[in-house]
Amino acid sequence: MISLKILLLTLAFSIGAKAEIINHKLQNKLIPTQAHNVEVSQDVACTFHITPNHNPKVGKSSLAWFALTRKGGKSLPFSECDCQLNVYVEPRNPDSKPIMNPPLKGIDTEQYQDIPGAEIMFPKAGIYDLEIIGSAKDGTSFKPFKFNYSVTVTGGS
């Protein structure tokens with residue numbers, strides 16, 4: 001009987017917390033774990049995911065979403081954030097302009113409600129930088145943030 005080990009991953013809200021894609025090899029089988037990328041800026045953390053399975057395809061719509069969390073673990077709803085999404089082609093230099101600014105809207109996905117999300121259709125294969133910036137609509141409830149996520153887009157099918 002094969003015994004399986006359970007991997008418990010606890011992400012504490014702290015500066016520099018990150019989640020990585022982890023693959024486990026068990027009895028010559030590669031078992032991918034579900035992964036979301038987590039970044040922290042000031043007093044806000046962001047969990048990022050893009051469909052399908054962090055593997056967007058050229059010319060097909062992908063949903064990118066950003067679950068925002070305040071220090072202490074409380075969810076930060078899209079309705080309280082003045083957020084913007086910028087998409088850049090990599091490599092980029094400091095004066096590069098975004099190739100698109102997909103409109104963000106509040107979405108519900110997985111266990112998250114009212115988080116920023118946007119449909120993106122990438123024009124060609126390559127590496128893109130998704131940058132989400134935001135500030136509190138009330139001007140005081142959290143500090144402005146900026147998160148950058150690298151996304152590799154592959155050819156069709």
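Predicted model: local features only at pLDDT ≥ 70, side-chain atom pairs only at ≥ 80, totals over all residues.
Figure 1. Cys-46 counts as buried because its relative accessibility is 0%, and buried means under 20%. The residue stands in E4, opposite Glu-39.

**Figure 2. The disulfide of Cys-81 and Cys-83.** The structure holds 1 disulfide. It joins Cys-81 to Cys-83, with an S to S distance of 2.3 Å. The angle about the S-S bond is 110 degrees, and the link is right-handed. Both Cys-81 and Cys-83 are buried.

**Figure 3. Strand E3 and its hairpin with E4.** Strand E3 covers residues 37–41 and is mostly covered, with 4 of its 5 residues buried. E3 and E4 run antiparallel and are joined by 5 bridges. Between the two strands of the hairpin there are 2 residues, and Gln-42 takes a positive phi near 60 degrees.

**Figure 4. The largest nonpolar core.** This core has 28 residues. Those with the most contacts inside it are Phe-66, Leu-68, Phe-122, Leu-130 and Phe-145. At least two core residues come from each of the strands E4 (44–50), E5 (61–70), E6 (81–89), E8 (112–121), E9 (126–136) and E10 (145–153). E10 gives the most, with 5 residues.

**Figure 5. Contacts of Phe-145.** Phe-145 is among the residues with the most contacts inside the largest nonpolar core. Leaving aside residues up to four places away in sequence, Phe-145 touches Ser-41, Val-44, Leu-68, Cys-81, Cys-83, Ile-132, Ile-133, Gly-134 and Ser-135. Of these partners, Cys-81 and Cys-83 are the two joined by the disulfide, and Leu-68 is another of the residues with the most contacts inside the core.

**Figure 6. Ile-133 in strand E9.** Ile-133 has 27% relative accessibility and therefore counts as partly exposed. Again leaving aside residues up to four places away in sequence, Ile-133 touches Asp-82, Cys-83, Gln-84, Asn-86, Phe-145 and Lys-146. Ile-133 and Phe-147 are 14 residues apart in sequence, while their C-alpha atoms are 6.5 Å apart in space.

Note on methods. Residues numbered from 1 in each chain as written. Heavy atoms only, no water. Core = buried A, V, L, I, M, F, W, Y, C linked by side-chain atoms within 4.5 Å. Buried < 20%, exposed > 50% of the residue type's maximum accessible area, 1.4 Å probe, protein only. Contact = heavy atoms within 4.5 Å. Pairing = 2+ DSSP bridges. Disulfide = S-S within 2.5 Å.
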